[in-house]
There are 2 protein chains.
Amino acid sequence: MDFTSQSSTDGILERNFTISDISGILWSADPATAGTAIAPLVLMGHPGGLHKRAEGVMARAAHLVSTQGFHVASIDAPGHGDRTRSAEDVEWVDKLMRARAAGEPVGPIISAFNGSIAERSVPEWQQTLDALGELADIDANAPVGFMGMTLASEIGMRLAAVEPRIGAAVLGASFASPDTLRAARQVTVPVQYLLPWDDGDIDREAGLALFDALGSEQKFLHATVGQHHSVPWVETEDAARFFARFLRPFVRNVT
Amino acid sequence: MDFTSQSSTDGILERNFTISDISGILWSADPATAGTAIAPLVLMGHPGGLHKRAEGVMARAAHLVSTQGFHVASIDAPGHGDRTRSAEDVEWVDKLMRARAAGEPVGPIISAFNGSIAERSVPEWQQTLDALGELADIDANAPVGFMGMTLASEIGMRLAAVEPRIGAAVLGASFASPDTLRAARQVTVPVQYLLPWDDGDIDREAGLALFDALGSEQKFLHATVGQHHSVPWVETEDAARFFARFLRPFVRNVT
């Protein structure tokens, strides 16, 4: 793991890193102003077509860092942001563009594309977790959070299904393919699931079925008025509190 | 309106009142410790078979008073608590008991009974609002909140449909009779709707249909794991924040 650059704004330290061909950012409370604390980590995914430094990702990360003191890590999904698009991904995108141009339904294509990206993302997040777990200010024994909607929710669902370090997740607006449903049944950690009630891309019943499939004893469905991408900010505030409930007991101040 | 008794515990002032044959309680931040402030009012209903001073009602009221400084009013529904049960209500309860003893479905009976109580409750809450609006420490110009599940949700839905003083409501676990659905369509204020995901008494689809029917531009569905009456405490904390978003701008400190 290499830290390639760092900067600090408004009390938030931003460290860019690479782990083999994974490009990522770690945001933390700046020890220069906040003092050093060992705090839990939240992984944050980005929607399809965006990247690790997308505006929404940064705003949510800043909120988690500044209100709860969490570390937040964001990485580019395969073929996104700073990463080269593979021949396979170029083909997926072409297929999507052709369907859109022809006015054909794009849902099944996006769902399958997301599934393919999610499969490849899981080992990358695990590699990222291995590397970040070595840092002195991240408590390697604390549960890790995962937060992300749409594509990132597909990724988080599969990651939470297989990775025991994930201890709580805020997900939402996933397609509900058989693979996603299978992953959901294997998730046992607390999940807050955000469902845009008027999602034009994903059938409401499919979203409810996915929430129902979650194997978690503690799961919370938050449905809000609006389309696929229009989740109100109050859900970010509530996500911070959700992670505080399930990760916060593990914060240890350095004495 | 007559205040019949008052007491103060842990910084919360409890005033018992009667308005003709309505028996109620008003909880407020005790001016002796908190100072006098003009604050919004939240009306709190109780589930069927319980009363204005039920344990859950008191715990939720105390939370709203102590975290947000709201006034909280609770009244006995017709035939509940300190109030005489009418011949009509005696008949309803007998019918319910007979069905339960015979192992017949009680849902339709409770739904109709709740509807009957709700119809009679609306003018009583309006009378209560008139009376409480005269108190100097309640801002008569501020929107009023309503909070309650099951029977109280039936009442709140109908009250919010017709009473312009209601500005936000936390409801949930209502039956979805045609009358309830009709009321829901007329509600336009922000609503947080709590839906027990494994409600053995109310069909999940009926609960979702009721949320869908709400005419509010801002509505928030919170579904949680558990039965009809088992809503986790975090929803009370979130209800306090919900009312703070929609009523709090109207708090005026007395200078």
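This is a predicted model: local features need pLDDT of at least 70, side-chain atom pairs count only at pLDDT 80 or more; totals for chains, interfaces and linings use all residues.
Over all chains, a search of the whole structure finds 28 salt bridges.

**Stop 1: A:Arg165 and its partners**

Select A:Arg165 and A:Asp130 and display their side chains. The two form a salt bridge in which the closest N and O atoms are 2.7 Å apart. A:Arg165 is found in the loop between helix H5 (151-162) and strand S8 (166-172) of chain A, whereas A:Asp130 belongs to helix H4 (residues 107-132) of chain A, so the bridge ties together parts that are 35 residues apart in sequence. A:Arg165 is partly exposed, at 29% relative accessibility, and A:Asp130 is likewise partly exposed, at 42%.

Is A:Glu163 buried or exposed? With a relative accessibility of 6%, A:Glu163 counts as buried, because residues under 20% are placed in that class.

**Stop 2: a bridge between the chains**

Next, select A:Asp212 together with B:Arg204. These residues form a salt bridge, with the closest N and O atoms 3.2 Å apart. A:Asp212 is in helix H7 (residues 204-213) of chain A and B:Arg204 in helix H7 of chain B, so this pair joins two chains. Both ends are partly exposed: A:Asp212 has a relative accessible area of 37%, and B:Arg204 has a relative accessibility of 25%.

A further selection covers both chains: A:Asp238, A:Arg241, B:Asp238 and B:Arg241, which are linked in a network of salt bridges.

**Stop 3: the negative patch**

Remain at the surface and select A:Asp203, A:Glu205, B:Asp203 and B:Glu205. Together they gather in a patch of negative charge. One of these residues, B:Glu205, is located in helix H7 (residues 204-213) of chain B. B:Glu205 is partly exposed, at 43% relative accessible area.

**Stop 4: the rotation axis**

Now display both chains as C-alpha traces. What rotation superposes chain A on chain B? The rotation is 180°, with 0.0 Å of shift along its axis and an RMSD of 0.0 Å. This is the relation of a two-fold axis. To locate the axis from chain A, select A:His222: of the residues of that chain, A:His222 comes closest to the axis, with its C-alpha at 2.4 Å.

**Stop 5: two contrasting residues**

Select B:Ala169, in strand S8 (residues 166-172) of chain B. At 0% relative accessibility, B:Ala169 counts as buried.

Finally, return to chain A and select A:Glu119, which has its place in helix H4. A:Glu119 counts as exposed, with 54% relative accessibility; the class applies because the value is over 50%.

Note on methods
Residues are numbered from 1 along each chain as its sequence is written. Chains are lettered from A and ligands numbered from 1 in the order in which they are written. Side-chain values use heavy atoms; hydrogens and water are left out. Patches are made of residues with over 30% relative accessible area and no salt bridge: like charges are joined within 9 Å, nonpolar side chains (Val, Leu, Ile, Met, Phe, Trp, Tyr) within 5 Å. Accessible areas come from the Shrake-Rupley method with a 1.4 Å probe; for residues, only the protein chains shown count as cover. A salt bridge is a side-chain nitrogen of Lys or Arg within 4 Å of a carboxyl oxygen of Asp or Glu. Lys and Arg count as positive and Asp and Glu as negative; His and the chain ends are not counted. The place of a charge is taken as NZ of Lys, CZ of Arg, CG of Asp or CD of Glu. Helices (H or I, at least four residues) and strands (E, at least two) are DSSP runs, numbered from the N terminus. Buried means under 20% relative accessible area, exposed over 50%, partly exposed in between (1.4 Å probe, protein chains only). Copies are superposed by least squares on the C-alpha atoms of residues with pLDDT of at least 70 in both.
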